[in-house]
Structures are given as structure tokens and as C-alpha cells.
Amino acid sequence: MRGELTAQRQEAILIRRKSCNLSEIVKRFGGELIGRGSVRISRIGTLESAQAGDITFLSQSRYLPQLAKTRASAVIIGPEARDATHLPRIVSGNPYAYFAGISEYFNPPAAVKSGIHRSAAVEKTARVPRSASVGACAVIGKNVRLGARVVIGAGCVVGDDVTIGEGTRLHANVTIYHHCHIGARCLVHSGVVIGADGFGIVKEGGVWKKIPQIGRVLIGDDVEIGANTTIDRGAIDDTIIEDGVKLDNQIQIGHNVHIGAHTAIAACVGIAGSAKIGKHCALGGASMIYGHITIVDRVNVSAGTLIMKSLLQAGTYTGVYPFSSHQRWLKNAAHLRQLDKLADKIRELEHRLAAPKRKQS
Amino acid sequence: MRGELTAQRQEAILIRRKSCNLSEIVKRFGGELIGRGSVRISRIGTLESAQAGDITFLSQSRYLPQLAKTRASAVIIGPEARDATHLPRIVSGNPYAYFAGISEYFNPPAAVKSGIHRSAAVEKTARVPRSASVGACAVIGKNVRLGARVVIGAGCVVGDDVTIGEGTRLHANVTIYHHCHIGARCLVHSGVVIGADGFGIVKEGGVWKKIPQIGRVLIGDDVEIGANTTIDRGAIDDTIIEDGVKLDNQIQIGHNVHIGAHTAIAACVGIAGSAKIGKHCALGGASMIYGHITIVDRVNVSAGTLIMKSLLQAGTYTGVYPFSSHQRWLKNAAHLRQLDKLADKIRELEHRLAAPKRKQS
Amino acid sequence: MRGELTAQRQEAILIRRKSCNLSEIVKRFGGELIGRGSVRISRIGTLESAQAGDITFLSQSRYLPQLAKTRASAVIIGPEARDATHLPRIVSGNPYAYFAGISEYFNPPAAVKSGIHRSAAVEKTARVPRSASVGACAVIGKNVRLGARVVIGAGCVVGDDVTIGEGTRLHANVTIYHHCHIGARCLVHSGVVIGADGFGIVKEGGVWKKIPQIGRVLIGDDVEIGANTTIDRGAIDDTIIEDGVKLDNQIQIGHNVHIGAHTAIAACVGIAGSAKIGKHCALGGASMIYGHITIVDRVNVSAGTLIMKSLLQAGTYTGVYPFSSHQRWLKNAAHLRQLDKLADKIRELEHRLAAPKRKQS
């Protein structure tokens with residue numbers, strides 16, 4: 001299987017191949033050039049996979065051994081590693097960000113044809129600018145307003161009264177419920193559901209009664225939302241995702257959650273209703289946040305950690321059970337349920353040891 | 001962004017604005033009126049966001065400070081808080097449920113046009129009553145039977161031989177596999193998948209062989225299912241969700257699970273195959289339930305807890321690692337793997353302290 | 001509800017009823033026949049649900065009590081249980097795998113009509129063989145190549161340049177991004193998203209900048225992927241799922257992950273970017289794997305366990321907090337945050353007990 005696919009890839013790459021030399025890259029993106037500026041670059045690659053004609057990068061010193069072995073034609077490095085290679089190189093204060101820029105240059109997103117596909121169902125009252133694209137079998141509700149160059153992927157369903165800012169792209173099979181708002185230059189991946197009802201129920205006479213969910217979801221600009229992530233509409237007020245937030249896949253955001261600008265959240269995180277997350281936070285994969293708590297700016301939560309109380313000071317918080325071999329776990333976990341008794345025993349021992357002393361004195 | 005959106009919302013609200021006075025509300029929904037019954041109400045709101053013309057509610061005494069500051073025109077309160085405000089108010093034994101009722105009154109779900117959208121693909125043998133609605137690009141399989149007033153959202157795919165009870169609504173992009181049954185008055189949110197194959201595999205000669213999954217999913221009446229939740233079909237017998245169960249988003253329910261009536265399950269929960277959950281249980285967010293175990297009625301499982309054994313007594317069960325600052329966690333977690341050695345040391349200390357005593361006696 | 005449905009099921013079963021006798025089964029599938037070979041079998045069932053005319057199986061000795069009570073007409077058992085029943089029986093070394101085979105015989109997957117549904121949108125440059133099936137409202141991109149007998153379910157979106165091997169089936173509402181490859185005889189369930197962008201971001205000037213995700217997802221042959229699972233495309237190189245891997249529902253696989261052949265992964269698992277999982281591994285439900293780590297062949301990870309470091313030896317690894325009643329948990333969890341202090345106290349006690357001894361000596 002692999003041989004055929006690799007050949008196929010080469011072909012794909014040849015088609016999109018742009019080419020320029022190292023000096024031109026430095027002219028366009030800045031940085032300090034060391035070595036032969038005439039070396040031609042047509043592709044980016046990792047230290048391990050790069051071939052002749054590729055440029056690669058070194059972001060962390062622990063990858064220095066791979067740098068020594070790379071077949072790349074040039075490398076982007078930080079000032080501390082400027083002499084770590086003899087390859088033609090670009091020195092940049094943030095090699096990874098520099099690399100992101102040139103990767104975008106060599107790999108521009110495929111152009112999307114503007115216009116409405118004949119199989120799409122668009123309500124008459126929807127405003128779809130000429131520069132926008134509505135894919136096959138997409139469905140656009142009443143009074144929807146799309147900004148310039150918005151791309152609605154195939155199979156998406158955009159509910160009534162939704163507004164989407166310019167340059168935003170919904171990949172295929174995204175669902176947006178009525179009255180929600182998505183800002184400009186957002187990227188929303190397939191399977192995302194925005195604006196479904198929050199989990200609002202109340203018990204009456206032994207059965208659950210639904211609380212109507214009448215708020216919306218408001219999403220700022222430059223937000224990315226990963227595949228199959230769900231963001232519930234507010235119960236009464238709105239659920240709010242501020243500018244520049246980055247959400248990975250399969251994240252669940254409950255009703256009335258508020259996420260501050262430029263916070264990044266890894267995959268499989270759950271945030272319960274009405275939690276308020278600050279700006280510039282980072283939530284590790286599969287971390288879980290209780291409802292109705294507040295997390296201030298610049299908090300990091302480690303992967304797999306359950307946060308049950310407000311975090312009112314910036315810093316990193318962790319609470320995961322360290323794994324071990326199953327045998328060792330069995331031995332230790334039994335004691336975990338008896339920690340209070342172990343503590344009692346220690347207290348008793350201290351007491352008994354103290355008692356004779358008192359006698360002696 | 002917010003200013004424009006707020007204006008837009010006001011407009012939306014004006015359109016749907018109903019209005020009545022407090023006396024009329026009490027006449028319709030019961031409760032005791034205290035204060036001026038002529039005050040006009042046209043909207044519901046939270047203690048914090050309510051404006052003049054809004055009615056709000058107090059469900060827990062910890063929100064009393066917000067009550068003092070609310071701008072609402074009226075409030076629903078419990079008997080214990082009847083004198084906690086001078087505002088016109090309705091006293092009810094269950095203010096939150098009371099509020100749910102009037103919220104529904106002020107915010108009825110948008111009417112859905114009955115009929116089959118021209119872009120939908122409906123098999124000839126499917127039974128779609130006149131009062132039902134089939135959205136754009138929805139696909140209805142052979143022998144499907146829809147009840148009265150069923151709403152099938154845009155982009156839904158309903159497999160062959162599926163039956164859906166009256167008044168049930170599937171939001172956009174829901175998938176129901178063949179032969180499954182959904183009861184009456186259910187609400188199924190976008191991205192839900194009902195009836196996919198359970199994870200049934202057996203190793204033979206070093207490779208996995210699939211066990212055909214030939215059971216169904218049977219869902220009772222008045223069930224709500226949150227966005228992107230998945231419920232697998234049974235392996236041989238059926239997977240069963242009883243009446244009145246409420247499921248939040250991104251829940252995974254394995255094959256042959258049985259969930260008792262009126263159980264509520266928060267987001268991100270996973271229930272492994274053949275687990276049996278009782279009636280009136282509550283599973284906290286991201287809790288995980290082993291397969292082939294039994295949980296009796298009225299069990300609560302705390303968020304983030306993994307249940308590995310049957311729970312045969314009602315009550316609340318918890319098992320989560322309490323978080324702390326990362327530094328403190330590092331200090332403590334190391335000991336966790338050595339708990340058995342700590343216990344040994346304590347035992348030895350006890351022994352050594354006991355030994356001299358015996359000598360002395 | 002149940003009565004009606006049971007009746008309906010009987011009907012469905014009658015329609016698909018094949019029938020043969022026990023001797024014919026043994027002739028076709030092997031094994032040793034004990035008892036009356038002429039007994040007619042038309043269906044498979046569990047020990048508990050089987051009726052006259054059904055064949056059932058005993059896979060574990062703990063189900064022997066159910067065997068005594070089963071109403072089945074015949075049973076498949078292992079050699080160790082050959083005398084555990086008087087029923088006509090087939091003795092097989094692997095009763096569960098044997099059962100899987102005859103279940104497939106009695107329950108062949110419903111035939112799918114080949115051809116392209118009139119409501120599907122297929123690009124002219126796509127290659128769809130006559131034997132393939134493209135469902136209603138499915139969307140097939142440019143240069144897509146489908147193998148023989150491929151089934152694309154209703155509402156699926158297959159991106160440009162995707163290749164899919166022969167006999168593979170995508171159930172409804174699956175999304176495959178551009179340039180990805182899926183092997184032969186795979187089964188992909190509804191809501192799956194393959195090839196969405198990985199979570200590649202880098203901070204520059206206080207805001208997140210996107211790293212273009214230009215790798216692909218390559219999936220081998222005989223892979224099954226459960227509902228709503230997401231597999232991200234590689235950042236630069238590819239994300240790879242080898243032959244025979246079995247993935248349950250709601251699994252998240254980050255960019256550049258590599259999963260070895262015949263590994264099975266239960267529901268709700270998250271695997272962070274660039275993790276490398278070996279062959280023949282088993283990851284329990286809701287286990288979480290850090291990025292950039294290596295797990296060797298034949299490792300088992302217990303349900304709910306977070307793996308933070310490479311696992312370089314085969315075996316079973318566990319790290320979950322054992323649950324208890326909430327009251328007991330409260331008592332013990334408090335001490336967990338003070339484990340280092342408990343350890344200090346024990347050390348001090350040991351020291352104090354040792355000191356007098358030294359004096360005595």
C-alpha cells in the first residue's frame with residue numbers, strides 16, 4: 001500500500017510545487033541568512049522526512065540529534081543553535097512560527113469556487129454574497145447573512161437568522177443552529193455542532209422537565225473549531241467564545257460558558273455549563289471543568305485533570321493518577337481507599353512515641 | 001462585535017415578544033402572588049441580565065446577593081425567600097420548574113412547516129404523515145414509519161425500517177441506522193448517531209474478526225439526546241433507553257446497554273457494552289461505566305469517576321484525583337506509587353513500638 | 001411499547017430467515033458435533049434470549065448457570081465444557097469466533113444497490129466503478145477513486161483526490177477530507193471525520209498562528225472505525241492507521257499518530273499528536289495517550305488510564321482512582337494532597353525510633 005501512495009503523493013506535490021531560493025525567503029519573511037542563499041527550496045519537511053529541496057526547522061534542542069542526520073537543504077533555527085549545523089540556515093527568534101509562515105506560503109489552501117452549488121437549498125431571504133461559496137447539498141436557512149468569501153462546505157446546515165463573518169470557512173457537514181453568530185476568518189471543521197440546546201432540565205413530580213434554551217452562541221473572530229466539537233447555546237443569556245480561541249476536536253462546551261480570547265483547548269475537553277475561562281489559558285487534552293466556576297487568565301490545566309473549584313491564580317494545575325504496571329497499581333490502589341486509616345495510625349504512633357517522652361521529662 | 005449583536009438580539013426579541021401581566025401568569029401557572037399583579041412581563045431573564053419587563057427567578061439561596069441587585073420587574077421565589085425582596089413576586093414550591101413553564105410560554109419553539117422538502121430523498125415505501133416535516137437533503141429509507149408531527153431535520157439520514165413516534169424531532173444531520181425505534185416526543189440533536197455497530201470483535205489467528213451486530217436500538221418516549229451522542233445497536237439482543245431518559249452531548253452508549261427510565265446523564269459519559277443502569281440515576285459529566293455491570297436505581301456517579309464494579313445500593317459514588325498546583329501534585333504523586341511501602345513502614349513501626357512493650361510486660 | 005416492537009421484530013426475522021440443520025453447520029464451519037445433527041437452526045441468540053430454533057454459545061465458564069436454563073436448540077461450546085449440557089452441541093476451540101462465523105451466515109449484511117443516486121453530487125473527474133454505490137445527497141470530489149463494490153452512504157462527503165479501496169463501506173454522513181486514503185474492506189461508521197486539520201498552532205506576539213496541516217491520513221485494509229471518531233491529517237508527514245486496526249466510537253486521533261496493525265481501541269480514547277502505538281495493542285475505553293510518546297507492541301492500557309510516558313515493555317498498565325462512596329472518598333482524598341507530609345511523618349517516626357536504639361547499642 002505504502003509504495004503506491006508515496007508515488008501518488010510525489011505527484012500531488014509536483015503539481016502544487018512552488019520554488020524559490022533561500023535569499024528570497026529571507027527577503028519575504030525576515031531572519032538572518034547563514035550560508036548559501038542560492039539554494040533552491042520547493043517544499044517544507046520535518047527533520048526526519050525532509051529531502052533535498054526541502055527546508056526544515058529545529059524548535060527544541062532535544063531534536064539536535066535529528067538535525068545532524070537531516071537530508072534537508074536548509075533549516076530554520078533559533079539563535080542559540082546558530083552554529084549547530086553546517087547547512088544553509090535562517091536564524092529566527094521563533095523558528096516554529098517562522099516555519100508556519102513559510103509553510104503557508106508553500107502550501108496555500110486550495111482555492112474554492114465561489115457560487116451556490118445547484119444541489120444546495122438556500123432560503124430566499126438568505127444573503128449570500130457573490131464571493132461566497134455554498135457547497136453541494138448544503139442548506140441555508142431564512143435570514144442567514146454570510147460575509148464576503150465565506151465558504152459553506154458540502155452538507156452543512158446553517159439555521160435561520162445565523163450570521164457568519166467574512167472569510168470564515170465551514171468544512172463539510174457542520175451544523176449551526178438558529179440565531180447563532182460566527183465571526184470573521186474562523187475555521188470550523190466537519191461534524192461540529194454549534195447552538196444545540198444546553199442540558200437544562202429540572203425535576204418535577206419525579207420526571208424531568210425541559211428548560212427552554214433561548215440564548216445563542218456568539219463566536220468571535222479568528223476562532224478555529226476542531227472536528228465533532230459541540231458548543232451549546234445559552235439557556236437564557238448567551239454562550240460566548242472570544243476572539244482568537246483555538247479549539248481542538250471533540251470538545252464539549254456547555255451552555256453559558258464564556259471562554260476568554262486566545263485561550264487554546266486540546267481535544268476531548270469538557271466544560272460544564274456557566275463556567276468562565278479566562279484569556280490566554282491552556283487546557284490540556286481530556287481535562288474537565290466543572291460548571292459555574294471561574295478560571296482566571298493564564299491558567300494551564302494539565303491533561304486529564306478535573307477542575308472542581310474556581311482557579312483564581314494564574315499557574316499550572318494537575319490532578320491525575322500516575323499510571324504504573326497493573327500489578328503495582330493493584331498493590332497501591334487498595335491503600336488509597338484507606339488513606340484516612342493510614343493517617344490515623346501515624347497520628348497514633350506519634351502519640352505513643354510522644355507519651356513516653358512526656359513521662360521521661 | 002458585541003454591540004451590534006446585542007442590537008440584533010433586541011430586534012429578534014421584539015419580534016417574538018408576547019406580553020402579559022403577573023396576575024395572568026399566576027392564573028395560568030399557579031403560585032402565590034405578592035405585590036402588584038398589574039406589572040407587565042414580556043420576557044424571562046437571569047437575575048443578572050434581566051431588564052425592566054422581565055421576570056426572573058431565585059432557585060438557590062446563594063444567589064440572594066444578585067437578587068438584591070436585579071433590574072427585573074418580577075421574580076419567582078421559594079416560600080423560604082418570600083420576604084427576601086420587595087419586587088412583585090410569585091411564590092412557588094419549585095421556582096426553577098415554575099420558571100421552565102413560563103419560559104416555554106414566552107419562548108415557544110419556532111413552528112416547522114410540514115411537508116417534504118423537494119431536495120429530500122424519501123423511499124416510496126416510507127410512511128410520512130401529512131403533519132410531518134422532512135427537511136432539505138434529508139434521506140428516508142424503505143418502510144420507515146413516521147408518527148404525526150414528526151420533524152426530520154435537514155441532512156438527516158433515517159435507515160430502512162426505522163419507526164419514529166409522534167411529535168419527535170430530529171435536528172439537522174442526525175443519523176439513524178436501520179430497524180431502530182425512537183418513541184414519541186423525543187428530541188434528538190445534531191450529529192447524533194443511533195444504531196451504529198457495537199464494538200464486537202474476537203481474535204482468531206492473530207487478527208480481529210467482526211461479530212455481526214444484529215440487535216437494534218429501542219428508545220422510549222420523552223427522551224432527549226444531546227449533540228454528537230452515539231448509541232450503538234445491540235450485538236444480538238437490543239440496546240434499550242427507557243422513557244424520560246435525558247442524555248447530554250457526546251455520550252457514548254455501547255451495545256446492549258440498558259438505561260432505566262428518568263435517568264439523566266451529563267456530557268462526555270461513556271457506558272461500555274451490556275452495562276445496566278437503573279431508573280432515576282444521575283451520571284456526572286465524563287464519568288465512565290464498565291461493561292457488564294449493574295447499577296441499581298437512584299445511584300449518583302460523580303463527574304470524572306470510573307465505575308468498575310456493580311453498584312447495588314443507591315447513593316453517591318466518587319473516585320477522582322483531587323487537583324492541586326502542579327508542584328504539589330508532583331510532590332504527592334510520587335508517593336502514590338509507593339503507598340504499599342508507606343503502609344509497610346507504618347506496620348513495621350507499629351510492630352517495633354509494640355515489641356518493647358511486650359518485653360516490658 | 002415493547003410488545004409491539006417484539007412482534008415487529010419477529011416479522012423482520014421471518015423475512016430474513018434462513019434455515020439449516022446442525023450437521024450442515026458443522027460441515028460448513030467445522031467443529032465436533034455431539035447429539036442430534038438433524039435439529040433445525042434458523043437463528044442465533046444469547047444464552048438468555050435464545051428460543052427453540054436458535055443456536056447459542058458459551059464463551060466463558062461464568063455463564064454456565066445460564067447454559068443450564070437456556071431454551072436454545074443447540075449450543076457452541078469449548079472442549080472444557082463439552083459435557084456441561086445435554087443439548088445438541090458443537091465443540092470448537094474458539095466458540096465465540098465460531099459463533100461470529102455462523103452469525104454472519106444467518107445475518108448477511110443487507111444488499112446495497114449499486115449505482116449513483118440521482119441526488120448525489122459527483123465530480124466528473126471522480127472514478128466510480130459500476131459495482132460501487134453512492135447514496136442520496138452524497139458528495140464526491142474531484143479525482144476521487146473508488147474501488148469495486150465501495151459503498152458511500154447517504155450524506156457522505158468525500159474530498160478531492162481521496163482514494164478508497166475495494167469493498168469498503170462508509171455509512172451515512174461520513175466526512176473524508178482531501179487527499180486521504182482508505183484501504184480495502186474497511187467499515188466506517190456515521191459521523192466519522194477523517195483528515196480534518198490537526199491542532200497545530202504556535203504563539204507569536206501573544207496570539208495563536210496556525211501551522212498549515214499538509215499531511216494526509218492513510219488507512220490500511222480491514223480497518224473498522226466507530227461512529228463519530230475523528231482522525232486528523234498529518235501536520236507535515238502523514239497520520240497512519242495500519243491494517244486490521246479496530247476503532248470504537250468517539251475516538252480522537254491527533255495528527256501524525258501511527259497505530260500498528262491489529263491494535264484494538266475502545267470508545268472515548270484520545271491519542272495526542274505524534275504518538276506511536278505498536279501492533280496488537282489494546283487500549284481500554286477513555287484511556288488517554290500523551291503526544292510524542294512510543295508504545296511498543298502488545299501493550300494493554302486499562303480503561304480510564306492516562307499514559308504520560310513511553311511504554312517500552314509489553315504488559316498491562318493502569319492508573320485510575322478507585323471509586324468509593326462519596327463519603328469515604330471525601331475522607332481519603334483530603335489526605336492525598338498531603339501524601340508527602342504523611343511520608344515525612346513516617347520518616348521522622350522511623351528516625352525517632354531508631355535514635356534510642358542507637359543510644360542503647
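Are A:Arg216 and A:Asp238 buried or exposed? In this predicted model, both residues are buried. Their side chains meet in a salt bridge, with N and O 2.9 Å apart. A:Arg216 lies in the loop between S22 and strand S23 (217–219) of chain A. A:Asp238 lies in the loop between strand S25 (230–231) and strand S26 (239–241) of chain A. The pair therefore ties together parts that are 22 residues apart in sequence.

Salt bridges were then searched for throughout the structure. The search finds 36 of them over all chains. Side chains of opposite charge can pair when their charged atoms come close. One such pair is A:Lys210 and B:Glu224, whose closest N and O atoms are 2.9 Å apart. This pair crosses between chains. A:Lys210 sits in strand S22 (residues 207–210) of chain A, and B:Glu224 in strand S24 (residues 224–225) of chain B. A:Lys210 counts as partly exposed, at 24% relative accessibility. B:Glu224 counts as buried, at 9%. A network of salt bridges links A:Asp197, A:Lys210 and B:Glu224.

Another salt bridge joins A:Glu348 to A:Arg352, with the closest N and O atoms 3.5 Å apart. These two residues are 4 apart in helix H6 (residues 339–360) of chain A, so about one helical turn separates them. A:Glu348 is partly exposed, with a relative accessible area of 44%. A:Arg352 is also partly exposed, at 23%.

A:Ser73 was examined next. It is found in the loop between helix H3 (64–69) and strand S6 (74–77) of chain A. The side chain of A:Ser73 reaches the backbone nitrogen of A:Gly53 at 2.7 Å. Not counting residues up to four places away in sequence, A:Ser73 touches several residues, including A:Val39, A:Ile41, A:Leu87 and A:Pro88. A:Gln51, A:Ala52, A:Gly53 and A:Asp54 are also among the residues it touches.

The interface of chain C and chain B was described in the same terms. The size of an interface is often given as the accessible area lost when the parts come together. Chain C and chain B bury about 6,400 Å² between them. Of this area, 63% is on carbon and sulfur atoms. In contact are 79 residues of chain C and 82 residues of chain B. Across this interface, 2 salt bridges are found. B:Lys210 forms a salt bridge with C:Glu224, the closest N and O atoms being 2.9 Å apart. The count of residue pairs in polar contact between the two chains is 26.

Several elements of chain C each supply at least two residues of the side that touches chain B. Among them are helix H1 (2–16), H4, helix H5 (326–336) and helix H6 (339–360). Strands S27 (246–247), S30 (264–265) and S39 (324–325) also belong to this group. H6(C) gives the most, with 11 residues. The residues on this side of chain C divide into 38 nonpolar, 26 polar and 15 charged.

Helix H4 of chain C covers residues 95–106. At 1.5 Å a residue, its 12 residues should span 16 Å. Its end C-alpha atoms are 16 Å apart, which agrees. In H4(C), 9 of the 12 residues are buried, so this helix is largely enclosed by the rest of the structure. The buried residues include C:Pro95, C:Tyr98, C:Phe99, C:Ile102 and C:Phe106.

Technical notes:
Residues are numbered from 1 along each chain as its sequence is written. Chains are lettered from A and ligands numbered from 1 in the order in which they are written. This is a predicted model: local features need pLDDT of at least 70, side-chain atom pairs count only at pLDDT 80 or more; totals for chains, interfaces and linings use all residues. Side-chain values use heavy atoms; hydrogens and water are left out. The expected span of a helix is 1.5 Å times one less than its number of residues. Buried means under 20% relative accessible area, exposed over 50%, partly exposed in between (1.4 Å probe, protein chains only). Contact means heavy atoms within 4.5 Å. Buried area is the accessible area (1.4 Å probe) that two parts lose on being put together, summed over both. A salt bridge is a side-chain nitrogen of Lys or Arg within 4 Å of a carboxyl oxygen of Asp or Glu. A polar contact is a pair of N or O atoms within 3.5 Å; within protein, one must be able to donate a hydrogen and the other to accept it, and residues adjacent in sequence count only if both atoms are side-chain atoms. Ala, Val, Leu, Ile, Met, Phe, Trp, Tyr, Cys and Pro count as nonpolar, Asp, Glu, Lys and Arg as charged, and the others, Gly among them, as polar.
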